[in-house]
Amino acid sequence: MPEPKPRNENDLSGANAPAALNLYSFRHLTVLLGFSREQLLDLSSHAGGYYEPFIKQQKIRPFAHKVQPDKKRLIDNPTGILKLLQSRIEARLLARLAIPEHLLGGVRGKTIKENAALHFGAPYIVTVDIKNFFPSITPIQIYSVWYNTLNCSPEIAETLTKLTTFRGRLPQGAPTSTLLANFVLGSIDAPIRAACETHKVKYSSWVDDLVFSGELARDLTPLVVKVLLESGFKVRHRKVKVMRPGGKKTINKLVLGRVITVENRYLKRIRAGIHNLEIGRVPEPGVVKYVMSLEGQINYVRLFDPKAAARLRADLKQLRGRRNNISRVP
């Protein structure tokens, strides 16, 4: 078996470099994952048969009057033993690695509030959204992560690539996808990180949302877009936002004012959702899912504004006496 290729020092170099897996023994891999060599090779050869793709419209929010047709997403949906194996790959291989500090999305212990706090008080904040991030990541890029960045043997890198990609892309819904996407982004953003360091700009990402803050943050936008395009990604130009001194600053629906809190319009939409439920606008078959969505929204608010969340939850709870089919409200 050929030895793994020495790590490229340009990939995630410096203090942010993750610990490599250094996996070149298939026997070691079987011990880590609890699957035999034969099982791993068989699953990798037939991985495509374990997906049940479906089209998902944007999550039905409690405040939505209708679902926008352009908000549909393809969820690849791994199932069965493949999903179990992917969960083990995520937990036993990827999650134990040191992810570069500026990549926060999907990293255990990191929160969306922590991402916003990194940029709190900055005069300029720029956000850049990568369009169709997961589907734009190719098996070649994933193989490079396993082989170059994480230092696996060619055979192991090939096997793990087949187990964590689907139909030429990084699959939506796979347990391994977010962390692998982080490694891909970290492997191509060295020019961005270097420019940020030179211009004293803070940089972080929450999956496909990149955030830059500092006096010269807006000056780096052309470079950021150039690096992403050259790596095969697309940028939502209408979602490149430059927030200036004195203006409202938001990151991932959080408002950076005197404190970090959720946007007021977000609260209003939840209240509207509760009202729609109360007056019977929600079709009977969808009530339970609708309430689950409401609860998810309220739980999100609770992270930043416990008092507002408590009021919303009290309003929702009052409906139980009038709507006996609302079974999820405690």
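A residue is called buried when its relative accessible area is under 20%, exposed when that area is over 50%, and partly exposed in between, using a 1.4 Å probe and protein chains only. By that rule, Asn151 counts as buried, because its relative accessibility is 14%. This is a predicted model, in which local features need pLDDT of at least 70 and side-chain atom pairs count only at pLDDT 80 or more, while totals for chains, interfaces and linings use all residues. Residues are numbered from 1 along each chain as its sequence is written, and side-chain values use heavy atoms, with hydrogens and water left out.

**Overall make-up**

- The chain contains 13 helices and ten strands; these are DSSP runs numbered from the N terminus, with helices (H or I) of at least four residues and strands (E) of at least two.
- Of the 330 residues in the chain, 47% are buried.
- Contact means heavy atoms within 4.5 Å. Among contacts with a separation of 6 or more, 73% are between residues 24 or more positions apart.

**Nonpolar core**

- A nonpolar core is a set of buried Ala, Val, Leu, Ile, Met, Phe, Trp, Tyr and Cys residues joined through side-chain atoms within 4.5 Å.
- The largest such core has 93 residues, and Trp146, Phe212 and Leu228 have the most contacts inside it.
- Not counting residues up to four places away in sequence, Phe212 touches a set of residues including His119, Tyr124, Ile192, Cys196, Tyr203 and Val224.
- In soluble globular proteins, nonpolar side chains tend to be buried together.

**Strands E4 and E5**

- Strand E4 (residues 202–206) is mostly covered, with four of its five residues buried.
- E4 runs antiparallel to strand E5 (residues 209–213), and five bridges join them; two strands pair if DSSP finds at least two bridges between them.
- Lys202 has Ser213 of E5 opposite it.
- Two residues lie between the strands of this hairpin, where Val207 takes a positive phi near 60°.

**The sheet of E8, E9 and E10**

- Three strands make an open sheet in the order E8-E9-E10, with antiparallel pairing.
- E8 and strand E10 (260–262) are at the edges with a single partner strand each, so one side of each has no neighbour in the sheet.
- E8 and E9 run antiparallel and are joined by two bridges, and Thr250 stands opposite Val255 in E9.
- Glu263 lies in the loop between E10 and H11 and is buried, with a relative accessible area of 8%.
- Leaving aside neighbours within four places in sequence, Glu263 is in contact with Lys248, Thr250, Lys253 and Val255.

**Asparagines with positive phi**

- Asn151 sits in the loop between helix H6 (139–149) and helix H7 (154–164), and its phi is near 60°, a positive value in a residue other than glycine.
- Asn252 is placed in the loop between strand E8 (250–251) and strand E9 (254–256). The phi of Asn252 is positive, near 50°, and this residue counts as buried at 19% relative accessibility.

**Helices H11 and H13**

- The axes of H11 (residues 264–278) and H13 (residues 306–318) come within 10 Å and cross at roughly 10°; axes are lines fitted to C-alpha atoms, for helices over the stretch in contact, and angles run from 0 to 180 degrees between N-to-C directions.
- That crossing makes H11 roughly parallel to H13, a label for angles under 35 degrees, whereas those over 145 are roughly antiparallel, 65 to 115 roughly perpendicular and the rest oblique.
- Leu267, Ile270, Arg271, Ile274 and Leu277 in H11 meet Ala308, Leu312, Asp315 and Leu316 in H13.
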